[in-house]
Amino acid sequence: MRPGRVAAWAVTLLAIAGTEAASHTFEPALLDLRERESGTFDVVWRAPGRESGALVPDAPPLLPRLPAACRTLSELGASDERIATRVACGAGRLRGETITVPGLAASRVDAIVRVSWNDGSAASGILTDASESFVVPEGPRGILLPGAPARTVATRYLGLGIEHILGGTDHVLFVIGLFLLVGATRALVATVSAFTLAHSLTLAAAVLGIVTVPSAPVEALIAASIVLLARELVRGPDEPPTLACRFPWLVAFVFGLLHGFGFAGALAETGVPADQIPLALLAFNLGVEVGQLGIVGALVALAALAPRGLRSSRGRPRLPAYGLGAVASAWMIERILRFWAT
């Protein structure tokens, strides 16, 4: 190829590369809303400057659009790149409302939206040319910022603990299996307490970074723990008693260590405020315990109403045990197969 043609191709490629580089900017816009008092926010909008090359020439300026319930109380200052206002958004405090930055689709700008409430919680999102709107989470969602009030931390993580145990089907099935193993006896208190102590230990160790365990094997082993419990439940009356039959609290403790790592995964998704880790852990564990007690209470009530025909000669209902085993076996296989899917 002649040198002149090579140069022409080089210029063409550089032009294409330049076009691609100019198609996006690394300087995002920022919309920051900070609650001063309930429902009243200081709003700062900071857009990239014209010299950044992020804005399309002659395009109208990018301005955020707050929900219709928000009304401007005062202007706090403005410049070419920064606009600050104070707005009142009502008793809903922006929860569940939509914030939009029209015009992003025709620009090369991404926008970061950050909402901070005066209870220490916060939520954020990124708006792009494909999505110009951000829906503020409803209810007490999002992260908690350092300095959040202790009451907020305690309430948030207590609720998370209850939500996680009741929403985690595998944890619920394990508690059901423990109940079927020991029945409504004194041993039930020791068994459930051992389970709580064990998962509290590993949960704290994982959150504090003392122990790090990959989630995939943990999830598979949690399913396996339910399978083993189901196997114990269907043992015949002539079979010799196993360790699980003689010391159910010990089995609950060992498997509880696994379940604690599973709970840690839930906290990892939410995050823990760095300045209040002990309080968050305590509240989360209390929430899990409240959820467990609720499950056990419901089981005790159901057991009183269960027909005698469901019970085997050892007094353990076999039909639920087969159900537990089937479901947990399917989970275990599916979770093991994930090892090769990731």
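Student: Which residues does Thr-40 touch, not counting residues up to four places away in sequence?

Tutor: This is a predicted model. Thr-40 lies in strand β2, residues 40-46. Leaving out residues up to four places away in sequence, the residues it touches are Arg-34, Glu-35, Leu-73, Arg-86, Val-87 and Ala-88.

Student: Does Thr-40 count as buried or exposed?

Tutor: Buried means under 20% relative accessible area. Thr-40 has a relative accessibility of 10%, so the residue counts as buried.

Student: How many of the residues of β2 are buried?

Tutor: Strand β2 has 7 residues, and it is largely enclosed by the rest of the structure.

Student: Which residue in β2 is the bridge partner of Leu-33?

Tutor: Strand β1, residues 29-37, pairs with β2 in the antiparallel sense over 7 bridges. The two strands form a hairpin with 2 residues between them, and Gly-39 in the turn has a positive phi of about 85°. Within β2, the bridge partner of Leu-33 is Val-43.

Student: Which residue in β4 stands opposite Trp-45?

Tutor: β2 also pairs with β4, in the antiparallel sense and over 7 bridges. In β4, the residue opposite Trp-45 is Ile-83.

Student: Which residue does the disulfide join to Cys-70?

Tutor: A search of the whole structure finds 1 disulfide. Its S to S distance is 2.1 Å, and it joins Cys-70 to Cys-89. Cys-70 lies in the loop between β2 and β3 and Cys-89 in the loop between β4 and β5, so the pair ties together parts that are 19 residues apart in sequence. Both cysteines are buried, and the partner asked for is Cys-89.

Student: Is the link of Cys-70 and Cys-89 right-handed or left-handed?

Tutor: The angle about the S-S bond is 115°. With that value, the link of Cys-70 and Cys-89 is right-handed.

Student: Which element gives the largest share of the largest nonpolar core?

Tutor: The largest nonpolar core has 45 residues, and Tyr-157, Phe-174, Leu-203, Phe-284 and Leu-324 touch the most other members. Elements that give two or more residues to this core include α2, α3, α4 and α9. The largest share is 9 residues, and it comes from α3.

Student: How far apart are the end C-alpha atoms of α4?

Tutor: Helix α4 has 22 residues. At 1.5 Å a residue, the helix should span 32 Å. The distance between its end C-alpha atoms agrees with this, because it is 32 Å.

Student: Is the pair of Phe-174 and Phe-195 stacked, tilted or edge-to-face?

Tutor: The whole structure holds 3 aromatic pairs. The ring centres of Phe-174 and Phe-195 are 5.1 Å apart. Planes under 30 degrees apart count as stacked and over 60 as edge-to-face. The planes of this pair are at 35°, so the pair is tilted.

Student: What about the rings of Phe-174 and Phe-255: stacked, tilted or edge-to-face?

Tutor: Phe-174 is in helix α3 and Phe-255 in helix α7, 81 residues apart. Their ring centres are 6.0 Å apart. The planes are at 90°, so the pair is edge-to-face.

Student: Which residues do ring pairs link into a cluster?

Tutor: Phe-174 has a relative accessibility of 0%, so this residue counts as buried. Phe-195 is buried too, and Phe-255 is buried with a relative accessible area of 15%. The cluster linked by ring pairs is made of Phe-174, Phe-195 and Phe-255.

Note on methods
Residues are numbered from 1 along each chain as its sequence is written. This is a predicted model: local features need pLDDT of at least 70, side-chain atom pairs count only at pLDDT 80 or more; totals for chains, interfaces and linings use all residues. Side-chain values use heavy atoms; hydrogens and water are left out. Helices (H or I, at least four residues) and strands (E, at least two) are DSSP runs, numbered from the N terminus. Buried means under 20% relative accessible area, exposed over 50%, partly exposed in between (1.4 Å probe, protein chains only). Contact means heavy atoms within 4.5 Å. A disulfide is a pair of cysteine sulfur atoms within 2.5 Å. Two strands pair if DSSP finds at least two bridges between them. A nonpolar core is a set of buried Ala, Val, Leu, Ile, Met, Phe, Trp, Tyr and Cys residues joined through side-chain atoms within 4.5 Å. The expected span of a helix is 1.5 Å times one less than its number of residues. Rings of Phe, Tyr and Trp (its six-membered ring) pair if their centres lie within 6.5 Å; planes under 30 degrees apart count as stacked, over 60 as edge-to-face and the rest as tilted.
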